[in-house]
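Please keep the sequence and the coordinates at hand while reading.

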Amino acid sequence: ELIRGEMDGLLVSPADPEALAAAILRLMDDPALRTRLGKSARQKVLSEYNLTPNTERLAVVFRETQETA
């Protein structure tokens with residue numbers, strides 16, 4: 001759910017050590033890919049998992065819940 005394949009990370013099957021090794025080698029061999037995936041992942045975390053906006057959204061939910069109760 002957190003990682004989107006080829007957009008902000010590389011996805012491999014958890015039971016496939018060969019695929020994991022291939023993904024690591026791919027990242028080692030492709031600095032542009034590392035940079036692109038890293039920037040995209042960082043942006044996603046900052047926008048979707050930042051404490052301040054998430055706290056504000058949760059407060060809205062609490063207020064709405066109180067108003068309808």
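Leu46 is found in helix α2, where helices (H or I, at least four residues) and strands (E, at least two) are DSSP runs, numbered from the N terminus. With a relative accessible area of 39%, Leu46 is partly exposed; on this scale buried means under 20%, exposed means over 50%, and partly exposed lies in between, for a 1.4 Å probe and protein chains only.

The model is a predicted one, in which local features need pLDDT of at least 70 and side-chain atom pairs count only at pLDDT 80 or more, whereas totals for chains, interfaces and linings use all residues. Residues are numbered from 1 along each chain as its sequence is written, and side-chain values use heavy atoms, with hydrogens and water left out.

The secondary structure consists of three helices and zero strands, giving the pattern α-α-α along the sequence. The C-alpha atoms fill a box of roughly 55 × 25 × 15 Å along the principal axes. The radius of gyration of the protein is 18 Å, while a compact globule of 69 residues would have a value near 11 Å; this radius is taken over C-alpha atoms, and the globule rule is 2.2 Å times the number of residues to the power 0.38. Of the 69 residues, 9% count as buried.

Lys44 has its place in helix α2 (residues 31–48) and is buried, with a relative accessible area of 9%. Asp8, in the segment before α1 (17–29), is likewise buried, at 4%. Not counting residues up to four places away in sequence, Lys44 touches Glu1, Leu2, Ile3, Arg4, Asp8 and Tyr49, contact meaning heavy atoms within 4.5 Å. With the neighbours within four places again left aside, the contacts of Asp8 are Leu2, Ile3, Leu37, Ser40, Ala41 and Lys44. Lys44 and Leu2 are 42 residues apart in sequence, yet their C-alpha atoms are 8.7 Å apart. Over the protein, 47% of the contacts with a separation of 6 or more are between residues 24 or more positions apart.

A polar atom of the Asp8 side chain lies 2.7 Å from the backbone nitrogen of Arg4. Asp16, in the segment before α1, is partly exposed at 27% relative accessibility, and its side chain reaches the backbone nitrogen of Ala19 at 3.1 Å. Glu6 belongs to the segment before α1 as well and counts as partly exposed at 38%. Most residues other than glycine have a negative phi. Glu6, although not a glycine, has a positive phi of about 70°.

Finally, the surface and the charges may be considered. The accessible surface comes to about 5600 Å², of which 62% belongs to carbon and sulfur atoms; such areas come from the Shrake-Rupley method with a 1.4 Å probe, and for residues only the protein chains shown count as cover. The mean positions of the 9 positive and 11 negative charges are 7 Å apart. Lys and Arg count as positive and Asp and Glu as negative, while His and the chain ends are not counted; the place of a charge is taken as NZ of Lys, CZ of Arg, CG of Asp or CD of Glu.

Key:
A polar contact is a pair of N or O atoms within 3.5 Å; within protein, one must be able to donate a hydrogen and the other to accept it, and residues adjacent in sequence count only if both atoms are side-chain atoms.
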